[in-house]
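Welcome! Take a moment to look over the chains before reading on.

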Amino acid sequence: MTSTTLTAPTAPAATSKQRGPAAARARRKRILHWIAVHSVAIAVALLFVLPFVFVFLTSVMSDSQAMSGDLWPDSWHWSNYKEVFETPGFLGWWRNSLMYAGLGTLFTVCSAIPVAYALAKFRFRGRRTAMLLVISTMMLPPQVIVIPMYLVWAQQFHLSGTLWPLIIPMAFGDAYSIFLLRQFLLTIPKEYIESAKVDGCGEFRTMVKIVVPMAKPGIAAIALFQFFYCWNDYFGPQIYAAQNPGAWTLSYGLESFKSAHAVNWNMTMAATLLVMAPVILVFFFAQKAFVEGVTLTGVKG
Amino acid sequence: MAMTLSNPARRRLRTLGFLSPWLVGFSVFFAYPLIATVYFSFMHYNQIKEPTFVGLRNWTYVFEQMPLFGPALRNTLWLVVIMVALRVVFGLSLGLLITKIKTGAGLFRTAFYIPYLAPPVAATVAFVFLLNPGTGPVNEILGTVGISGPNWFNDPDTAKPSLVLLSLWGIGDLMVIFMAALLDVPKEQYEAAELDGAGAWSKFRYVTWPAITPIVMFAVVTGVVQTMQYYTQALVAGKVASGVNIGPGSVIQPGYPDHSTLTVPQLVYQMGFQNFNTGAACVLSLVLFAIAMAVTMLLMRKRSGLLSAED
């Protein structure tokens, strides 16, 4: 997306060369408008960025200074970060978060592709109903079904204290990813699929060889969303992993980290930034896919 | 090949094959637990002894005797109304602003968008620190200009508004959605309106607004559903702000201070996983479900982005 504007296009070169009070007035108005818009934008942007700045500055303060309300560190204690990593359990939380987010994403993508493909490109009875059911699943608060699910995982499968009850269901289609990918697949012209079939491709081969390569941006978007969802999830790990600190994720462990360092805001802020860091790094590498995905949910969706 | 494709039975089987992951997932992880929630709402069950049928006892308990149900429901509805309204207004304003920016648009867009990505727990812990009454940078700055800042997360009157601030910081997703919708409005319509002598407000009222109404509806519907599930931020803010030395899994009265940040989902967790009152927890789940569904259907009646996605 480029910086397109909603205002009428600026006057063509021929008219702007005209001299006279009217042209000068128009020019002055445009400049004032530019200044006004950009001043507001800078002010708002500062409000959005300042929390990160304060969190970072506090994360490198000494223990005592971090409690003082000072805004600028007297001396830079980079060792705070080292200390955070040396906190018992912290590395394990990383491993668990990576496992949950990595496997969760893989499972989601693999199961969403065939379902979304069928919903977008097959004609069959009940297609509309299936779409409505997918949407209503998206709309269901997770708390509504968590109790029976917990009982099944804990009592029948004895998997409480692990992250598997969160990871396994992702192999069976995540409604949000299916919906999003299906919207994306609708934009692929059906001529490509038809010509693949004329060439003798079966439905599965058409999907793997033709549709998946063309749908890469859509697949990247659902993969990113799912990765972030798992990385950020707090409710799920609280339900299933709470009893077993060895299964905690970063998002879940962070709060206990704060409790363990009750007064050390500097450590807590360093840990907070470390929890945010992977998400923000991934965003910078995959900005386009991400913004495309958000747009797709809202506008085409 | 053409022969096999035209075979309807084969085709049905093929469709089922492609849909099978979702069909299994839908029945096992959606339909079954939903039915089981209804079943348990009529049972007394402490997760150890066999469940016993108690009729409507759980329902009357929740609605008539449970002391925290009233505050939790009121807080949840307060958050739904205020948070969704402010998020939509603020998200739309930011979307309008970003479409008017000509220099450094990418930089501004990133600045507005990045907070949305911050994991909720991390963002909440950071905000409790920033708004810490005694030592936080925000009150420190307010102090230098002679304002004595509020107690934010530590005052029942300002705890929920502080949560709203936190959620407005993460407005990036709505901004992007509105921005895309605004860029989709045909430029010719603005030119035509200008020829008719329309001012900025008339252009918004008669050109922009009708074009983006479905997206606004989409934002409202998804916002309501998301806020009905509001959990992590409220819980973490209450726990961290209370300053009590407690780890995850510990039993505390949620909703610090004075239950002002207690939401229905928190109550579901407390009932189901701390008090082991499965029946009451399932009743609460169903209340949540009923409200979310009712609001969604009400809003979907008008043409929303979700319904127009149907074909």
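Here is a short tour of the interface, the helix pairs and the salt bridges.

This is a predicted model, in which local features need pLDDT of at least 70 and side-chain atom pairs count only at pLDDT 80 or more, while totals for chains, interfaces and linings use all residues. Residues are numbered from 1 along each chain as its sequence is written, chains are lettered from A and ligands numbered from 1 in the order in which they are written, and side-chain values use heavy atoms, leaving out hydrogens and water.

**Where the chains meet**
- Chain A gives 111 residues to the contact and chain B gives 109 residues, where contact means heavy atoms within 4.5 Å.
- Between them, chain A and chain B bury about 9,800 Å², with 76% of it on carbon and sulfur atoms; buried area is the accessible area (1.4 Å probe) that two parts lose on being put together, summed over both.

**A helix pair across the chains**
- Helix H6 (residues 127-139) of chain A and helix H2 (residues 8-40) of chain B have axes that come within 12 Å and cross at roughly 45°.
- Helices are DSSP runs (H or I, at least four residues), numbered from the N terminus, and axes are lines fitted to C-alpha atoms over the stretch in contact, with angles from 0 to 180 degrees between N-to-C directions.
- H6(A) and H2(B) are therefore oblique to each other; angles under 35 degrees count as roughly parallel, over 145 as roughly antiparallel, 65 to 115 as roughly perpendicular and the rest as oblique.
- From H6(A), A:Ala130, A:Leu133, A:Val134, A:Ser136 and A:Thr137 meet B:Trp22, B:Phe26 and B:Phe30 of H2(B).
- These contact residues divide into six nonpolar, two polar and no charged (Ala, Val, Leu, Ile, Met, Phe, Trp, Tyr, Cys and Pro count as nonpolar, Asp, Glu, Lys and Arg as charged, and the others, Gly among them, as polar).

**A helix pair within chain B**
- The axes of helix H9 (residues 172-184) and helix H11 (residues 200-228), both of chain B, come within 10 Å and cross at roughly 150°.
- That angle makes H9(B) roughly antiparallel to H11(B).

**Salt bridges**
- Over all chains the structure holds six salt bridges, each a side-chain nitrogen of Lys or Arg within 4 Å of a carboxyl oxygen of Asp or Glu.
- Two salt bridges are found across the interface of chain A and chain B.
- A:Glu203 forms a salt bridge with B:Arg14, with the closest N and O atoms 3.0 Å apart.
- A:Glu86 and A:Lys82 also meet in a salt bridge (3.8 Å, N to O).

Note on methods. Helix = DSSP H or I, 4+ residues; strand = E, 2+ residues; numbered from the N terminus.
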